[in-house]
Amino acid sequence: MLHAAFPSARELRTDGEGTKSDIDRYTRALLENADGWGEPERAEAAGLVARQVQPSFLDAQRAAEQLRAGGPSLLRDQEWLAQLADGTAGLLAADLRAAAGDLPPAEALALLRAAAFAQGRGMAWGEVWPAAAGAVLGHPLTGADGKIDRLLHGSLSGYLSHDVEDERIVYRPSHARLTDILRRSPPWTDDTADGNPAADAERTPDGPAAGDERAAHAAISTALARTSERTQGDPPPPYIRRHLAEHARLGGVLDDAHVPVCVLAWETSGSIRGLLGSTTGGGPRDWLEAYAVIEPYVTRADATSRLAGLHLAHTALNHPGEPHALLPDGSVPSGSVLKVLWSRWTPPTNVLATTAYRVNALAPVVDAEGEVLLAAGDERGGIEFIDPATGGRVGERLRAHGGAVRSLTSVRHPDGVVLASGSGDGTVRIREMLTGCLVSQIGVPGTVWADDVTGYLDGDGLPVVVSGKGDGTLTRWSESGGVGAPTHVGAAARICVTTVRREDGSLLLVSAGESLTAWSPSGGQALHTWPLPGRPGQEVRVLVPTRRPGEVAAGHADGTVVVWDLATGGRTVRGGPGHPVTALIALDIGGRQVLAAGNGRVIDLWETAGTRRAGRLPGHSGMITALTALPLPGADVLASTAEDGTVRLWDRAALLRALDGGAVESRPPAVAALSAGGADTPLLAVATTESIALWDLETGASEGAIDVGRPQESPALVWARRSSGRTLLWAAPDHTVRLWDAATRRSPAVRLKGHTQRVACLASCTTTQGREVVLSGGRDHRVALWDLDGPALSRMWTGHELPVLAVAAASGLNNDWFASGSSDGTVRLWSVDDSAPAAVIPCDQGTVESLAVSAVPQAGLPPYLVSGGSDGSVRLWDLLTAGPLGPPLPGHTASVDAVAAWSAEGVGPFVAAASRDGTLRIWDAATGRALLRLAMTVPVRTLAARPSEAEPGRVTLTAAGHAGAVVLELDTREL
């Protein structure tokens, strides 16, 4: 790899033919001017050392230091000569004995061994090194700081080198061979200074057996876990935060006892997901598994936010439906600002990474060491490399193009790997992975976009890349011939290209545009051509080889997948009208040949030999944008990405479950609303497309369900209070609003009629005159105000140019505030006394997805409106002037689908917002300061806040979305 990066570099070796003479001269130089050493003695010593220790310059250096200290007499000392012959271990034993006056040999050896077991760049001093040394020694190291100081400034210091990690000096053995000896076969030491009997050759006193690296790592992880638990809320040392989990994995004890919650809140390795997947054994791992779920979302989060997200994930995974009062001991981590009052929230467990920008292309890339990385090309022209074991980024994001990356392919050749990326900027750029250098380019910026790329090796083993462009051409690049002339293949909405192996092992280049064409690998000769459907909406979107020779699969815009036999021209159609096939890949799942196709928000699985869909993978909350297969031992792993900003891995077990269990339908997100408390037990209503389920939050018991008539989307919900008591209102499929009386547990016959299309949103409030009203917004662009005492329609407002997606209602200071937000990008404020809007606010946030109103001035803020936009922004607006209150609140990277605002006497005001980026954020509304970043791991569709009247500062948050519903209590005074 270095040769590829630095082709002009000259290689120098220390184990060649001249090594012996080099060590001879090195030893002479080290003995020069030493007391008692004449030229004859120096020559004798240098020759002896060179013969015994070559090719180790480390051993030569240690031997020379001992000779300088002991004089020429050591050349006749049989014990020392035996130690010299024993190499590094023997010389280390001699140095340990020589230093015994300053440091007991067993303790010095324990400190050196602890450094040898260090992960990362080395072992930090502070609390970490003494704890690790005590674990290796078998009992606490007393007076550790003084002993470490003597080690670092004494004759043994030459065995250590130092570095910097996490802004701290760390120490490790000065040579890899020394590290190996200290780990596996440390030298025997005679240590009776403390009254203990001498240790034998196999054990240091009471510690793990020499050579038992697993036991040593287990002992170290135990010691470091205890050290972290003594921090009492303070951050554990940086070394523990970064490396404790790896020690536990190497020790076979990766469990909650050895990586405690107090470390997870500060964990910085970013590799818990990968470590859990690579090891078994140890004790319970419930907290670790919960942390693995939130890990992609908390990379830069503060410890309070991490602990809150961990708390939520642990409760959701282990105690679904259990109210807080019935949770077992140990289920609430110390220091959490949350109470999980109730949850039926199922977070995904297969998210590998989250992305800041939409990823359009995925491809496996094999690095120089043979490890598989996942390359991800995004809409901003960047390419990131993701470790599929840990989800961590490898290297910096590559700014590859001036337009969106639309396709990726890699080709491994004898001298490295080339990565080709096609972009909307009109270019295909070919890079050598080992050096990162741009090798060549097809096209120039500003020309027609590049649709697709494929790659292969030519007959001489040199890489070839072929691109399909939007002007209906194929262009070939080869390392030997450069960029060739374009070949016209016919105009089409998209030009797809791939390669297929035939039965005889020969290669075919295949393109799809106006027709499906098989070409010779040179791309110059069309061998076979078959017509493709030419009607709009049936064009080929993606083309891939199957795992059977001579077959290619085409995914079409009408939702069909067609498998072609290139020998006969025969074809087999799978699927039917539906979402366009946005991604397609062939997999080998334990010998089963499978096609995976992106179909809306789900991935359909097809056995290559059959025509019926064999399985379905739901989970993504946005449109699938790319799929690829990661070739791992035993079976392929499917990697997927979508507009929801996540990259997910589907392992063999998940794929087989889907194949053997049949299709699992994807469900729309849930909607939830919590009734007011007071003298009544709070009731939680959770709506899906099947029913509205009712739950008692105090007992966790089901209170029945309401039939909603199977709508296409989960209906909007809101609680209100009529003269008869608590009433739940919900949007019915017939465009009306239905009522359900909590006292009678029945729905009255009355319906709120007025909208001509589906009601998308509801809000309720008590007006300044004491009347209960409900505000509704519809897909018909209209906003309605309903008086529930009738019930009757009070106002029907028009003016929005596109569907109304959000409404908010509140009253305070003798004002009633009614607001609506629309796909037209505006918020309109309404007065009950006027048919025209009181104000129109152009929000400049894209689509206005969510609204909330805070009607009472506090902390210098007037009554204000909160709006969440499809561009990821959260903005505050002065309700009195309809002007903005400061800049947007920062943090979210995707559409904000739900917002809430609240305050209490002397506490607040606060704003909360939930986004499709999988997080819920809370800010101080007056200052804009970020207070909490809660990992929800999936988009939240509805969010409501209810501050406590009895205890100002506490607030109940109700959230629902793709993972279900959850009710949280938060103490804002602790933020």
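In this predicted model, Ser776 is in contact with His755, Val759, Cys761, Leu762, Arg782, Val783, Ala784, Trp786 and Val807, leaving aside its neighbours within four places in sequence. Ser776 belongs to strand 42, which covers residues 772-778. Its relative accessibility is 0%, and because buried means under 20%, Ser776 counts as buried. Two of the residues named above also take part in polar contacts with this serine: the side chains of Ser776 and His755 are joined by one of 2.8 Å, and the side chain of Ser776 makes another, of 2.9 Å, with the side chain of Trp786.

A pair of helices may be considered next. Two packed helices are described by the angle between their axes and the distance between the axes. For helix 11 (residues 213-229) and helix 12 (residues 238-250), the axes come within 8 Å and cross at roughly 145 degrees; the crossing is left-handed. Helix 11 contributes Arg214, His217, Ile220, Ser221, Leu224, Ala225, Thr227 and Ser228 to the contact, where they meet Tyr239, Ile240, Leu244, His247, Ala248 and Leu250 of helix 12. Sorted by class, the residues of this contact are 8 nonpolar, 5 polar and 1 charged.

The last element is a sheet. Strands of a sheet pair through backbone hydrogen bonds, either parallel or antiparallel. Here 4 strands, in the order 19-20-21-22, form an open sheet with antiparallel pairing. Strand 19 (496-501) and strand 22 (526-531) are the edge strands, each pairing on one side only. From one strand to the next, the twist averages 20 degrees. Strand 19 pairs with strand 20 (residues 507-512) over 6 bridges, and Thr498 stands opposite Val510 in strand 20.

Notes:
Residues are numbered from 1 along each chain as its sequence is written. This is a predicted model: local features need pLDDT of at least 70, side-chain atom pairs count only at pLDDT 80 or more; totals for chains, interfaces and linings use all residues. Side-chain values use heavy atoms; hydrogens and water are left out. Two strands pair if DSSP finds at least two bridges between them. Helices (H or I, at least four residues) and strands (E, at least two) are DSSP runs, numbered from the N terminus. Axes are lines fitted to C-alpha atoms, for helices over the stretch in contact, and angles run from 0 to 180 degrees between N-to-C directions. A crossing is left-handed if the near helix is turned anticlockwise from the far one by less than a right angle, and right-handed if clockwise. Contact means heavy atoms within 4.5 Å. Ala, Val, Leu, Ile, Met, Phe, Trp, Tyr, Cys and Pro count as nonpolar, Asp, Glu, Lys and Arg as charged, and the others, Gly among them, as polar. Buried means under 20% relative accessible area, exposed over 50%, partly exposed in between (1.4 Å probe, protein chains only). A polar contact is a pair of N or O atoms within 3.5 Å; within protein, one must be able to donate a hydrogen and the other to accept it, and residues adjacent in sequence count only if both atoms are side-chain atoms.
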